[in-house]
Amino acid sequence: QNRDFLETMLFWDPPLVTGLRLMSIWVLAYHLYHYYNQQIALTEHNAELSILAKQIQLDHLSNQLNPHFLFNSLNSVKSLISENPSKAKRSIDLLSDILRSSIYAKESIATMEEELQLVYDYLELEKLRFEERLQLKVDIDAKLLSFKIPSFYIQTLIENALKHGIQNSIKGGVITLSIIKKAKGIEISVQNPGKLIIDDGIKKASLGLNNLKKRLHLQYGEKAAFTLVEQPKGIVTATIIIPLNEIDNE
């Protein structure tokens, strides 16, 4: 009976059919409009994230192609050629690997182990220049080595610690790298001797750290965190927290 009533209404009331059609069209148009806006916003978000990822890569490359970095590295190699040929060869290999990773890196995601290898190569090469002024201590959870993170995160923290910490100290000091798992996610922390620059009561971070902070926010939103703190006895600590399972880490 209900079916007969509906058929009768549709047959004898064409305006009702027209109204239903128009309503369906408007509902469909409404959803398509909002879907289109969401896609545009997502595209813009991904584009900005990609630009920042490339900017961090370019910052890293700029640091490695810095004339002072290249001059000091090559000068160290030159002095080793006659004294220790095998060490000189090792230094050239390190420099080549670092430059290759900077220039040809295509993936914006890398495993923790891959990122750490880049850090170790970089510090081993820089130790030729700083010698005993540069020391490294690590506290790394081995279970996290296969975890995937955005490229150059750790390297950016290390470069900042060396440039604004060790390099500015006559005695040098220790860079401490800690990577541990916490309730909120993975905490990557780098400590180095130094002091923060304060301008009008505001802590000033390097361009590399500012780009890293922006990239963190775009990648993870409020789930990630970045802090830069000056602790007692002239120690600066830079820390980032990356939420678990935000990138494919199956």
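In helix 5, the buried residues are M112, E115, L116, L118, V119, D121, Y122, L123, L125, E126, L128 and F130. The model is a predicted one, and a search of the whole structure finds four salt bridges in it.

**Helix 5**

- Helix 5 covers residues 112-130, and its 19 residues reach 26 Å from the first C-alpha to the last, which is close to the 27 Å expected at 1.5 Å a residue.
- The residue that follows helix 5 is E131, and its phi is positive, near 50°.

**Helix 7**

- Helix 7 is made up of 14 residues (residues 207-220), which should span 20 Å at 1.5 Å a residue, and this agrees with the 20 Å that separates its end C-alpha atoms.
- Buried positions in helix 7 are G208, L209, N211, L212, R215, L216, L218 and Y220, and just after the helix G221 takes a positive phi of about 65°.

- E124 and R90 meet through their side chains in a salt bridge, with an N to O distance of 3.0 Å.
- Because E124 lies in helix 5 and R90 in helix 4 (residues 85-104), the pair ties together parts that are 34 residues apart in sequence.
- E124 counts as partly exposed because its relative accessibility is 35%, and R90, with a relative accessible area of 36%, is partly exposed.

- A salt bridge of 3.2 Å (N to O) joins the side chains of R129 and E126, and both residues lie in helix 5, three residues apart, which is about one turn of the helix.
- R129 has a relative accessibility of 28% and therefore counts as partly exposed, whereas E126 has a relative accessibility of 3% and therefore counts as buried.

**Salt bridge between E187 and K182**

- The side chains of E187 and K182 also form a salt bridge, at 3.3 Å from N to O.
- With a relative accessible area of 15%, E187 is buried, since buried means under 20%, while K182, at 42% relative accessibility, counts as partly exposed.

Note on methods. Residues numbered from 1 in each chain as written. Predicted model: local features only at pLDDT ≥ 70, side-chain atom pairs only at ≥ 80, totals over all residues. Heavy atoms only, no water. Helix = DSSP H or I, 4+ residues; strand = E, 2+ residues; numbered from the N terminus. Expected span 1.5 Å × (residues − 1). Buried < 20%, exposed > 50% of the residue type's maximum accessible area, 1.4 Å probe, protein only.
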